[in-house]
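Here is a short report on one protein chain. Look at the sequence and the 3D view, then read on.

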Amino acid sequence: MQNNVKLDCQEHGTHFNSGENMVRPTRHSLILIVLILSAISIASAADGDGGPDDYRWRVTGNWWLPNPSGYFGLQNGNNYFNVNKDFGFGRYSTFTGKVDYRFRWKHHILFDISPISDSRTVAIARTIQFQGQTFDIGAQVAATIKSLNIAPGYEYDIVRKNQWFLGLEADLNLLDTKGTLEAAGTANNLLAGKSASKSFFAPLPAVGPIGRWYPLHDSNRLSLEGSVRAMSFFGYGDFIAARGSVGVGITQHLAFRGGYQMGSRLSVHGTSNDIKVRLTQKGPTAGIEYSWGEIPPPAPKAQPSPYLVSDWHVNWIPLYLWFSGLHGNVGALGYTAPVSLSVSDILSNLNIGMMSALDVRRKRIGLLTDLVFISLTADQKTTPVGSLYSGFTANSKTFFLDTEGYVRLLDGQISIDALAGARTWRLNNSIDLLSGGNTAATAGQTQSWVDPVLGARFRLNFLKGWFATLKGDAGGFGVGSQVTWQIVTLAGKEVGDRYSMMAGYRYLDVDYQSGGFLDNTHMSGPIVGFNIRFK
């Protein structure tokens, strides 16, 4: 095949062509500047008296010049591509944004966003086998990396003074990363082409310190800030994000900031510790920061009885770990494989489930949301599938969001809630069928659906801050799945007025089938986490 390719890619306002990498301002940067200027125009101009860092709202927008490095795929043989060595990715222009809502003296709600998209076309210097496609040496191949990180979070300032603060930040990085290879050419005057991609999506929790210092007394003319957020997911991989910056105050509310940001370093391993994705995005930043509003100093006040119905109750579980086993049958494209992994199997393989939940209630009416991502792998190399295959490896990635409204029927030492809502699913099943120890066929399929659910929740408060909860729901009813149900039981201890630790057990069952896709499984295992109560 003779390759004859001419490629012009327009990604986020940045122009790329073969052999070049030009950096220009992006569409997102202009949109962000307009949003920040609009916020400035409507924001309150009141000056606080809590020092140079007194504010209620803070919006930061940065132009970012990151340089990607890393690779996609399993780094054995030629089954991967390296963004630097194979395609020579260079710096390109994008933006980052952050919203900080400081609703109490030491408490913040945060929202970060960092979109990334870059392309590069070269004549490859080696043969690359990526996701079942072979790209021969000398072919003109376009590589694209796209990554969107949206991170809601919470910050607690452990120490806050007029001139400096030191806090702890926890967030949930909703990271969607994708690498794509495309080749086009002509053979016998006919157009021919091929494409292969590898994607990774997961909510990755991270936690770490954040601090800021104003060196000039009672002045915001100069500030230094730094933060690091990280989490190790045992043998499954790790994630880290960090930034540092220097700020120059122009007015009481407006400052220019410049610094350096490692937007993310993501490393995801396979079951045998082969790297599937390793990608780092880092580079200098420059932008503006606008702060407005004021927070009054904290004042001591009497705590109401926890058994009385108050106007508002807000509880957030920023990080909830579920060590889940998997049992049942999964299928894709008509292939079905049995899986059976106990909790001890999962712990030995170091796969893990992650969850974040938010519970908001006013008087007796509330809304409960529950976000879950689970990635499990079953290596059944000696379990036959039919008469053709000697074994299999099954990968099941489960993402679902519970959204349930509820009514508090009883409130006191014992509380009872009636719940009704929906469970939104997105599942990906992938089966590698083995013959003689080698992969003979691969079947992968993704399916999404929504299940209505009904349920109830009970809580019993003991002495000295101890408590126990039980939650159950069931649904499906043939609308999405045939049936789905779960039971969650927890025991915990309140720590101070706002925090509590908990541990327990969770069982979740689902039976869904559509076309060649099958997920008839139940997941169960211990869970641990902590809760933050805002009101």
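The report covers confidence, then cavities, then salt bridges, then one valine.

**Confidence**

This is a predicted model. The chain averages a pLDDT of 79, and 74% of the residues score at least 70. Among the elements, strand E4 (residues 57–64) has the highest mean pLDDT, 94. Strand E1 (residues 8–11) has the lowest, 31. Over residues 1–27 the pLDDT is below 50. That stretch still has 68 contacts in the model beyond near neighbours in sequence. Residues 37–49 also stay under 50, with 17 contacts beyond four places in sequence. Where pLDDT is low, the predicted coordinates should not be read in detail.

**Cavities**

How many cavities of 30 Å³ or more are there? The count is 5. The largest cavity has a volume of about 310 Å³. It is lined by 27 residues, and the closest to its centre are Thr60, Lys98, Arg212, Glu225 and Arg243. Several strands give two or more residues to this lining, including E4, E13 (190–213) and E14 (222–232). Strand E16 gives the largest share, 5 residues. By class, the lining has 4 nonpolar, 13 polar and 10 charged residues.

**Salt bridges**

Side chains of opposite charge can pair when their charged atoms come close. A search of the whole structure finds 22 salt bridges.

Take arginine 160 and aspartate 53. They are 107 residues apart: arginine 160 sits in strand E11, and aspartate 53 in the loop between helix H1 and E4. Arginine 160 has a relative accessible area of 9%, so it counts as buried. Aspartate 53, at 2%, is buried too.

The next pair links strand E14, with arginine 229, to strand E12, with glutamate 169. These partners are 60 residues apart, and both are buried.

Glutamate 225 and arginine 212 are also buried. Glutamate 225 lies in E14 and arginine 212 in E13, so the pair ties together parts 13 residues apart in sequence. Shared partners join Asp53, Arg58, Asp157, Arg160, Arg212, Glu225, Arg257 and Glu289 into one network.

**Valine 207**

Beyond four places in sequence, valine 207 touches Leu168, Glu169, Ala170, Val228, Arg229, Ala230 and Met231.

Conventions:
Residues numbered from 1 in each chain as written. Predicted model: local features only at pLDDT ≥ 70, side-chain atom pairs only at ≥ 80, totals over all residues. Heavy atoms only, no water. pLDDT = per-residue confidence, 0-100. Helix = DSSP H or I, 4+ residues; strand = E, 2+ residues; numbered from the N terminus. Contact = heavy atoms within 4.5 Å. 1 Å grid on protein atoms, 1.4 Å probe; cavity = no way out; pocket = protein on both sides within 12 Å on 5 of 7 lines; lining within 4 Å. Points joined across faces, edges and corners; volume = space filled by probe spheres on them. Nonpolar A, V, L, I, M, F, W, Y, C, P; charged D, E, K, R; others polar. Salt bridge = Lys/Arg side-chain N within 4 Å of Asp/Glu carboxyl O. Buried < 20%, exposed > 50% of the residue type's maximum accessible area, 1.4 Å probe, protein only.
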